[in-house]
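Have a look at the structure first, then read on.

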Amino acid sequence: MLRANKLNRSPSLTQATDAGGFPDIALDFVFYTSIPLAFAVMAAKRGLGNLATPNKSFYFLGGLTEAGETLLCFMAMCVWPGLFIELAYGFAVLCAFTTATRLWWGWKAFQ
């Protein structure tokens with residue numbers, strides 16, 4: 001186990017820090033955006049388009065939790081801060097469902 005330096009300026013690697021938490025969550029978001037972007041790249045490669053919205057600049061998989069739903073959830077968290085934990089867990093479940101369905105439909109589209 002690594003410990004703080006001799007002058008005790010930095011915490012041990014066994015403690016959570018904001019300096020470690022920030023890149024962790026930021027890289028999580030990079031990873032989460034890779035699923036729809038990967039689909040968009042492969043759809044463009046195969047010449048796939050969305051007939052429902054032909055004027056979009058690129059075709060990507062939709063999902064249950066997109067911009068509008070995310071904003072509604074964040075607004076609900078601000079309006080009802082006492083329900084933050086319940087809203088966060090509920091939204092996390094919906095995000096997991098969206099991720100799973102995007103992976104499934106992307107896989108099915110390219111078979």
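1. A quick word on terms before we start: "buried" here means under 20% relative accessible area, "exposed" means over 50%, and "partly exposed" is what falls in between. Also keep in mind that this is a predicted model.

2. The overall layout is quick to describe. The protein chain has 3 helices and 0 strands, so its pattern along the sequence reads α-α-α by the DSSP runs. Of the 111 residues in the protein chain, 14% are buried. Looking at contacts with a separation of 6 or more, 51% come from residues 24 or more positions apart.

3. Start with α1, which covers residues 18–46. This helix has 29 residues and reaches 43 Å from its first C-alpha to its last, close to the 42 Å expected at 1.5 Å a residue. There is a kink, though: about 35° at Ile-35, shortly before the proline Pro-36. After α1 comes Gly-47, with a positive phi near 75°.

4. Which residues of α1 are buried? They are Ile-35, Pro-36, Phe-39, Ala-40 and Ala-43.

5. Now the pairing of α2 with α3. Two packed helices are described by the angle between their axes and the distance between the axes. For α2 (residues 67–79) and α3, the angle is about 165° and the axes are 9 Å apart. Angles over 145 degrees count as roughly antiparallel, and therefore α2 and α3 are roughly antiparallel to each other. The crossing of α2 past α3 is left-handed. On the α2 side, the contact is made by Glu-69, Thr-70, Cys-73, Ala-76 and Met-77, and on the α3 side by Phe-84, Leu-87, Ala-88 and Phe-91.

6. Glu-69 deserves a look of its own. The residue sits in helix α2 and is one of those making the contact with α3. Is Glu-69 buried, exposed or partly exposed? With a relative accessible area of 38%, Glu-69 is partly exposed, because that value lies between the 20% and 50% cut-offs. Leaving out residues up to four places away in sequence, Glu-69 touches Leu-64 and Phe-91; Phe-91 is also among the α3 residues in the helix contact. Finally, Glu-69 and Leu-94 are 25 residues apart along the chain, and their C-alpha atoms are separated by 9.9 Å.

How values were computed. Residues are numbered from 1 along each chain as its sequence is written. This is a predicted model: local features need pLDDT of at least 70, side-chain atom pairs count only at pLDDT 80 or more; totals for chains, interfaces and linings use all residues. Side-chain values use heavy atoms; hydrogens and water are left out. Helices (H or I, at least four residues) and strands (E, at least two) are DSSP runs, numbered from the N terminus. The expected span of a helix is 1.5 Å times one less than its number of residues. The bend at a residue is the angle between axes fitted to the seven residues ending there and the seven starting there. Buried means under 20% relative accessible area, exposed over 50%, partly exposed in between (1.4 Å probe, protein chains only). Axes are lines fitted to C-alpha atoms, for helices over the stretch in contact, and angles run from 0 to 180 degrees between N-to-C directions. Angles under 35 degrees count as roughly parallel, over 145 as roughly antiparallel, 65 to 115 as roughly perpendicular and the rest as oblique. A crossing is left-handed if the near helix is turned anticlockwise from the far one by less than a right angle, and right-handed if clockwise. Contact means heavy atoms within 4.5 Å.
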